[in-house]
Amino acid sequence: MSDIKYLETHEWYLINEEVITVGISDFAQNELGDIVYVTLPEVGQSFEKGGAVVEVEATKTVAEAYAPMDCTITEVNSQLETEPETINNDPCGDGWMFKAKVNAVDDSGMTYQEYETFVS
Amino acid sequence: MDKKTTQLHSFHESNNAKFIDFGDWSMPFSYEGTLKEHDIVRNSSGFFDVSHMGRLEIDYSELDKISSLICSDLINIPMNKALYSIFTNEHGNALDDVIFWKFEDKIILIPNASNASKIKSHLADHKVDFIDKSLDTVLIAIQGPNTIELINDRFEIPDKFSTAKSDNFMYARTGYTGEDGIEIMASNDEADSLISFLIKKGIKPCGLGSRDTLRLEASLPLYGFELTEDITPVEASLSWTITNEQDFLGSDRLKAQIQDGNHKILKKFTIKSRKIARTKTIGISGDIKGVVTSGNFSPILNKSIGFILFENKPSQDLIEFDIRGNLIEGNIVNKRFLS
């Protein structure tokens, strides 16, 4: 299992064997403010890298979370349907959004240190 | 250009406010989160720095002139009352929605921040004299069900929608959240001690984010969204403000609209889901098209709410919204969102 990596579009992903877990960064949830609703994908849906997978409604604005690499959804965090604020409270833990089988590995995300520099 | 900040900017900074640009101003958006602050105001007491709004002092010699520019009866309401009204232009369209505070010796006019310079020019064009007190004072809105009992040891509390003053403060029992509370105008040198007093009482600072969700939930319009120079008070469902029986700027158009009823109309809506129909979202009711002016999540109702401007009166309550390509159903609400 590798470390969490980050994208310039503020998602994080964790690759474990051929499955990625994806969410949004602490910076992103803080910028969005209170999250009140998320539209999650269906299990079995496939996305290309950069495709919009999750729609995140916050009181301030609406944002999308994108696929970090080509993948097919295997599991969504259905807790977010009733408790979307979990993303605010624990963005990189219980606030994960979906798991997906990787169709083309692209582990080009930033490390935590690189991402911290990117957002600061 | 650097944004303007209020007298209390360093207080906001030291309380870790997140800032948002609001017209020419950099204002606190939130301190601890919009929903938390919303909850504080609905259940206890919070305060907002609204010093970006204008504060104009007007002598009673100007009363008739100013009355000819607004749709409400400022002349006959009693002394020491507050009045919500709308400045209209010659077409009856809204230049600004404002609050007047009537005192024995003067009137205070509070225009919106974004319209303050427009209203000052408008008054000058119509030979209304005023003294701009905006830079010499702060304006603090203290709102929430516990507000009165928390501050009544320092402030004599007027009746609802009434004004009062003491040596250093002018205030009114008004607000923009749907909750009880007062709005206080204080000279700049009193600002810090006023804020210290509020903090000591456990009243929490709140930002413009919750002010927006609170006013929307309280069914109150926001200039720039529900009200613009392209809409009359009649079209904005604010006919109740038209109490000025004399002629005023654009009054003929408003009378005609009230009589024939054939005009665009602002309505409130709810959506069963938490999906938000944001500003500019298209909604269709029957064959009448509408555009959302404000939309957000209502923490109390636990669903999405908003205002929508229809091209004409819809004949049914069902609205079909196109939210980023998805068709979502909503309903027109004729009562207030909160009872």
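**Figure 1. Sequence separation of contacts within chain A.** In this predicted model, 61% of the contacts in chain A between residues at least 6 apart in sequence join residues that are at least 24 apart. Buried residues account for 42% of the 120 residues of the chain. For a chain of 120 residues, a compact globule would have a radius of gyration near 14 Å, and the 13 Å of chain A agrees with this. Taken along the principal axes, the box filled by the C-alpha atoms of chain A is roughly 35 × 35 × 20 Å.

**Figure 2. Secondary structure and the open sheet of chain A.** Chain A contains 4 helices and 9 strands, and along the sequence these elements follow the pattern β-β-β-α-β-β-β-β-β-α-α-β-α. An open sheet of 6 strands in chain A has the order 1-2-3-9-8-5, with antiparallel pairing. Its edges are formed by strand 1 (5-6) and strand 5 (46-47) of chain A, each of which pairs on one side only. Within the sheet, strand 3 (residues 19-24) and strand 9 (residues 98-104) of chain A are paired in the antiparallel sense over 4 bridges, and A:Val22 has A:Phe98 of strand 9 as its bridge partner.

**Figure 3. Contacts between chain A and chain B.** On the side of chain A, 8 residues are in contact with 12 residues of chain B. Those residues of chain A that touch chain B divide into 3 nonpolar, 2 polar and 3 charged.

Figure 4. The domain assignment of chain B gives domain 1 (9-51 + 134-217), domain 2 (52-132 + 232-262) and domain 3 (264-332), and the C-alpha centres of domain 2 and domain 3 of chain B lie 30 Å apart. Of the 63 residues in the largest nonpolar core, those that touch the most other members are B:Phe47, B:Ile70, B:Phe100, B:Trp101, B:Ile140, B:Ile142 and B:Ile184. Strand 6 (residues 94-102) of chain B supplies the largest share of this core, with 6 residues, while domain 1 and domain 2 of chain B each contribute at least three residues to this core. Apart from this core lies another, of 47 residues, which includes A:Ile20, A:Phe47, A:Trp96 and B:Val292.

**Figure 5. Surroundings of B:Trp101.** When residues up to four places away in sequence are not counted, B:Trp101 touches B:Ala82, B:Ile107, B:Ile108, B:Thr163, B:Met170 and B:Ala172. Two of these residues also face each other across a strand pair, as B:Thr163 has B:Ala172 of strand 11 of chain B as its bridge partner. B:Trp101 is also among the residues of the largest nonpolar core that touch the most other members.

Figure 6. Strand 10 (residues 163-165) and strand 11 (residues 169-172) of chain B run antiparallel and are joined by 3 bridges, and a hairpin connects strand 10 to strand 11 through 3 residues. Strand 11 of chain B also pairs with strand 12 (residues 181-187) of chain B, in the antiparallel sense and over 4 bridges. In this second pairing, B:Tyr171 stands opposite B:Ile184 of strand 12, and B:Ile184 is itself one of the residues with the most contacts to other members of the largest nonpolar core.

Notes: Residues numbered from 1 in each chain as written. Chains lettered and ligands numbered in written order. Predicted model: local features only at pLDDT ≥ 70, side-chain atom pairs only at ≥ 80, totals over all residues. Helix = DSSP H or I, 4+ residues; strand = E, 2+ residues; numbered from the N terminus. Rg over C-alpha atoms; globule rule 2.2 N^0.38 Å. Buried ≥ 20, exposed ≤ 12 C-beta atoms within 10 Å, placed from the backbone. Contact = placed C-beta atoms within 7 Å. Nonpolar A, V, L, I, M, F, W, Y, C, P; charged D, E, K, R; others polar. Domains from an automatic or database assignment. Core = buried A, V, L, I, M, F, W, Y, C linked by C-beta atoms within 7 Å. Pairing = 2+ DSSP bridges.
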